[in-house]
Amino acid sequence: MSSEFDADVIVVGSGVCGSLVAHRLAKGGKHVILLEAGPRTPRWQIVEKFRNSANKGDPNGPYPDTRYAPKSTSAGYLTETGGTPNHPSYVRLVGGTTWHWAGAAYRFLPNDFRMKSLYGVSRDWPIEYDELEPWYGLAEHELGVSGPDDADQSATGRGGPFPPRSTPYPMKPAPFPYMHQRAADILTAGGYRVLNEPTARNSQPYDGRPACQGNNSCTPVCPVGALYNGSVHAYKAEQLGVQLLTESVVYRIETDSRGRIVAVRYKKPDGSDHRLTARIFVLAAYSIETPKLLLMSATSEFPNGLANRSDMVGRNLTCQPECHQGFLGKEALWPGRGPVHPQTFFVARDGEFRKHHSGAKHVVTNNAPNAIIAGNLLKQGVLGPNLDEMIRDQASRYIELSSQHEYPPDPNNRVTLSRTRKDALGLPTPEIHFNRDHPYFLAGAEATRKEYEKVAALFGATPYSPLHWVHPHTQGTTIMGADPRDSVVDGHGRTHDHPNLFIVGPSVMTTTGTVNPTLTASALALRTADTVLREL
Amino acid sequence: MGKSAKALRTARSVASAAIVLVVGLVAGGGTAWATGTSTSSEASADPVVARGAWLATAADCIACHTAPSGGAPYAGGNAIHSPVGTIWSTNITPSRKDGIGNYTEAQFARALREGVRADGERLYPAMPYTSYTLLSDADVHALYRYFMSGVKPVDVPAPRTKLAFPFGVRGAMAGWDLLFNRSGRFVSDPHKSVEWNRGAYLVNALAHCSSCHTPRNVLFAEDVDRRFAGAHVDGWYAPPITADLRTGIGAWTTTQLVDYLQTGDVPHRALVAGPMADAIDHSFAKLDRADLSAIATYLLDGIPTPSASSAAQASGSAAAERDEATLRGVSRAAQPSGAQLYSGNCAACHQIDGNGTRDGDAPSLIAISDVQRDDPDNLIMAILHGVDREGARPRLMPAFANEMNDQEVATLVNYVRERFGTGTHATPVSSEAVHRLRSAAN
């Protein structure tokens, strides 16, 4: 590398996708600077904060809450102007938001890439499953995914293995806990298709990390590191010589007059200003901060922000609307033993129905319900030995169903820059505009509600709490597509407008599919890294 | 005392040690000591090759002669860090190009027992030929047959060892060998049982325990006067394995020692970490219990079986449980306490009371030797670098070097020793002691 640049490549964001890219580039012999807005935090500090937290159910709870790099739940940071509060969930520290995920690591199905052609809904990706397949295998190896090699993961009864795979899972799935053995029997008898959820969680020692010990606190934090998070590759990248600069909030991307990216500027917590140059730049700051950065980088040449001739930056903000409902069954099933999401069930993950309504992934969750049960009993005035007995009894019979739905990209759902509010560094805060009103999704949600009635009947269970919604897995805000007029990046993650600017992370995903985005985003990121390597 | 005088004194000790071994000549010497059978899955139909495979397991050739992280078996390329530089293990597959495929049996025997290569150059005593010199002719023959026909040839050269002057002059090893290689076959002791002698052969000729567990003199030769008295190797401490009740393993029962060699995990007695864990996973765990009993009989020779287990209470630490309660609802201090570091880093596996999980998968720390011992190095090393157990029960303790700074590790070590050990330690561990071990190879 010549001394003309500070690095061959600058990567912005040390979450799973940014760290995978930095690591792969360093393995390819390149000089990389990896910039992270948040701090470097050892696991034990997060674990201790979790243990001291009064609100165990807050995924963001034990994570750094800094003035200079607020997380999504920092008071006064995000504003919402739409009809549905979206409350995206992300944190900012080395390793990013995979610190608090449940580890679901599904591949997309081949049909997920062709929603428009097949079902007349949503968009087609500019790439096919077969092109991404080797990268899925590499991502599974890098993250350490345990999963069922022979399963039909389309849950359509076609027989496995499906989707096709050229490499086996690095690890076998862990056996189901007792509750999920029973659930598998009950749901299968009821006509549902039950799957071991492939997860980035060690079912045996792997890559210097132990097997799951059943602490059941995956969200918000795994105390032993059996659950993968992005800091694994951030620190591996550092071992290979990547310069990991933390507490460095990138706020501006600089171009020359021809649109070539020349530098990034970042601020430190003390407000000091710094500038770094590179040949190629990769943005990996997740689906709110990446578009925010592009919009903040507007110039007279690019008045709408960078990479935004399409006006799509920040638009198409999708997620996987996820409903939760608690039930009380008749049988003692003992939720809370083992990892939080060992199992999923489907009516079907794919099929003709997707012309008419969203597909959904259903879960019998495995979170220990003691806090919920105890809280409700106390509200009802139950005290003394009776309280102990009832907590034990009800917690053992508690069943929580949870379902995440695909949601089509809607350009009116978007993130923009607040015109009135600034953060402690003087940067405009993100403003979210979201309405969860797409008819395709609403029909899917209604179908799920009916399934919940069926499932409850199968378990002999009655509703315990009302259905409520959250919006995990923010995606689409720098959408991938073949046409530069309605997309931000091409099939390799390169922005249409700036040849040396790439984007990785779920913000590029063209459609949400019914399954969690992390493995797909990771596979795309690794593929983008190799594209970058070929340029250097 | 000048170097040559010291060397001469050592040579005299060597001679007297040789006499001890020679007591009671056995006519002929072809008795097959340690009659183990091969537990290798590629057990050869040829009994001699199968015997050779078993001997290679017992001698743990694979540990040094295979590169870590997926090296081809016996193809060399393992870096052995010595005080005089890095010594690379050689390719001992039957490759004609890059291994020992051209060796005659005589040349093989000479390398194994006298530390001389086929081309006449001397080996460095990282290769424990001072132990293998005790191997019987029949066993050397079986090993030769195994390495020639039971091992896959690998046509990849291992890196060449280049030590700085004067250690690079291999010819100087001739003098060293004269002084320190006892160079003679194992001779059994007729006053001892068959089992004792079998154990002696396993320990001294094959498992070469003294290579790690005996301190070395300035010339890097084993200090025969202090055999099995313990030594530091690559940051880890190979503890005394003499039969001494206080400093050695004299208080162990035979069953405990056999269990330890088989699993590395004897609750409230010892938990293995470091290179000994590899030796157990690749070698001792693959020997049958009769052979492990023989080793125990030899090492515990003459010590009466303790009437009561001297292991500490089976329950966990009540004090540690009380510590946990004091952490909740309290703001984090600027400098974390040992209790907080233990809770945040360790308790999720080793449990709040330090007694591990009921099935032992996360083991108990209570009263184990690495926690009890005055020398804290193994505990520091295990925390910094982790422990990776393969074999029948794979378990892994991650490395915490990146998770805590030197002072935090020192604080944690002192806490663990105080809460989970039964002794008292005069000197607390300092952050400097931790810093020194950070870069130790493992």
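Author: Keep in mind that this is a predicted model. On the contact between the chains, 23 residues of chain B touch 17 residues of chain A.

Reader: How much area is buried between chain B and chain A?

Author: About 1,700 Å², with carbon and sulfur atoms giving 52% of that area. On the chain B side, B:A348, B:L396 and B:E403 lose the most area to chain A, and together they make up 31% of what that side buries.

Reader: ok, and how many salt bridges are there between chain B and chain A?

Author: The count is 1 salt bridge. The side chains of A:E48 and B:R328 form a salt bridge, at 3.1 Å from N to O.

Reader: Which helices and strands of chain B supply at least two residues to the side that touches chain A?

Author: Those are α13 (318-327), α14 (338-345), α15 (347-350) and β8 (395-397). Of the elements on that side, α14(B) gives the most, with 5 residues.

Reader: And by class, what is that side of chain B made of?

Author: The side of chain B that touches chain A has 11 nonpolar, 6 polar and 6 charged residues.

Reader: Switching to rings. How many aromatic pairs does the structure hold?

Author: Over all chains, 24. Take A:F108 and A:F113: their ring centres are 5.7 Å apart and their planes stand at 65°.

Reader: Why does the pair of A:F108 and A:F113 count as edge-to-face?

Author: Because the planes are at 65°, and the class takes angles over 60 degrees.

Reader: Are A:F108 and A:F113 buried or exposed?

Author: A:F108 is buried, at a relative accessible area of 0%. A:F113 is buried too, with 0% relative accessibility.

Reader: What about the aromatic pair of B:Y342 and B:Y415, what is its geometry?

Author: That pair is tilted, with 6.0 Å from centre to centre and 40° between the planes. B:Y342 sits in helix α14 of chain B and B:Y415 in helix α18 (residues 406-420) of chain B, so the pair ties together parts 73 residues apart in sequence.

Reader: Buried or exposed, those two, B:Y342 and B:Y415?

Author: Both B:Y342 and B:Y415 are buried.

Reader: Last one. Which residues of chain B do ring pairs link into a cluster?

Author: B:Y74, B:F108, B:Y144, B:Y146 and B:F147 are linked that way.

Key: Residues numbered from 1 in each chain as written. Chains lettered and ligands numbered in written order. Predicted model: local features only at pLDDT ≥ 70, side-chain atom pairs only at ≥ 80, totals over all residues. Heavy atoms only, no water. Contact = heavy atoms within 4.5 Å. Buried area = accessible area lost by both parts, 1.4 Å probe. Salt bridge = Lys/Arg side-chain N within 4 Å of Asp/Glu carboxyl O. Helix = DSSP H or I, 4+ residues; strand = E, 2+ residues; numbered from the N terminus. Nonpolar A, V, L, I, M, F, W, Y, C, P; charged D, E, K, R; others polar. Phe/Tyr/Trp six-rings, centres within 6.5 Å; stacked < 30°, edge-to-face > 60°. Buried < 20%, exposed > 50% of the residue type's maximum accessible area, 1.4 Å probe, protein only.
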